[in-house]
Amino acid sequence: MAWDETPIKKTYSMTTLATMATAVKQPKVQSKICGNCGYDFNEFLRTGFLGCSQCYQAFHNELERYLDELR
């Protein structure tokens, strides 16, 4: 019997991602704040949402680590 080595691709709705964001073990992060909107990264960990488009740059390292844990 041969196994198919094709990776399984998963898709998630925004609601599912927000639910996963609150359920995943959350990393300990000091309260980093976006310089544009003042949004706190800990608020992202609580809600699963960012405050503005510049939050992605401000929290780049934290988001990368967080998303790696979802894999």
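Modeller: A disulfide is here a pair of cysteine sulfur atoms within 2.5 Å, and the model to which this cut-off is applied is a predicted one.

Biologist: How many disulfides does the structure hold?

Modeller: The sulfur of Cys37 has its closest cysteine sulfur in Cys55, at 3.6 Å, which is too far for a bond. The sulfur of Cys34 also has its closest cysteine sulfur in Cys55, at 3.8 Å, and that again is too far for a bond. A disulfide needs two cysteine sulfur atoms within 2.5 Å, and the number of disulfides in the structure is zero.

Biologist: Is Cys34 buried or exposed, or does it count as something in between?

Modeller: Cys37 is partly exposed, with a relative accessible area of 36%, whereas Cys34 has a relative accessibility of 3%. Buried means under 20% relative accessible area, so Cys34, at 3%, counts as buried.

Biologist: Which residues does Cys34 touch, not counting residues up to four places away in sequence?

Modeller: Cys34 is found in the loop between H1 and H2, and its C-alpha atom is separated by 8.3 Å from that of Gly51, which is 17 residues away along the chain. Leaving aside residues up to four places away in sequence, the residues that Cys34 touches are Tyr39, Cys52, Gln54, Cys55, Ala58 and Phe59.

Biologist: Within what arc do the buried residues of H4 fall, seen down the axis of the helix?

Modeller: The residues of H4 that are buried are Glu62, Leu63 and Tyr66. Seen down the axis of H4, these buried residues line one face of the helix, because they fall within an arc of 95°.

Biologist: What parts of the chain does the salt bridge between Glu62 and Lys32 tie together?

Modeller: The side chains of Glu62 and Lys32 meet in a salt bridge, with an N to O distance of 3.6 Å. The two residues are 30 apart in sequence, so the pair ties together helix H4 (residues 60-70), where Glu62 lies, and, where Lys32 lies, the loop between helix H1 (14-23) and helix H2 (41-47).

Biologist: Which residues do salt bridges that share partners join into one network?

Modeller: Glu62 also forms a salt bridge with Arg65, the closest N and O atoms being 4.0 Å apart. Both Glu62 and Arg65 lie in helix H4, three residues apart, which is about one turn of the helix. Through salt bridges that share partners, the residues joined into one network are Lys32, Glu62 and Arg65.

Biologist: What is the N to O distance in the salt bridge where the side chains of Arg46 and Glu43 meet?

Modeller: Arg46 and Glu43 both lie in helix H2, three residues apart, or about one turn of the helix. Arg46 is exposed, with a relative accessible area of 56%, while Glu43 counts as partly exposed at 28% relative accessibility. The structure holds three salt bridges, and in the one formed by Arg46 and Glu43 the N to O distance is 2.6 Å.

Biologist: What separates the C-alpha atoms of Thr19 and Thr47?

Modeller: Thr19 has its place in helix H1 and counts as partly exposed, at 46% relative accessibility. Thr19 and Thr47 are 28 residues apart along the chain, and their C-alpha atoms are separated by 8.7 Å.

Biologist: Of the 71 residues of the protein chain, what percentage count as buried?

Modeller: The secondary structure of the chain comes to four helices and zero strands, and the chain exposes about 5,800 Å², of which carbon and sulfur atoms supply 54%. Buried means under 20% relative accessible area, and among the 71 residues of the protein chain the part that counts as buried is 20%.

Notes:
Residues numbered from 1 in each chain as written. Predicted model: local features only at pLDDT ≥ 70, side-chain atom pairs only at ≥ 80, totals over all residues. Heavy atoms only, no water. Buried < 20%, exposed > 50% of the residue type's maximum accessible area, 1.4 Å probe, protein only. Areas by Shrake-Rupley, 256 points an atom, 1.4 Å probe, with all protein chains shown as cover. Arc of directions from axis to C-beta. Contact = heavy atoms within 4.5 Å.
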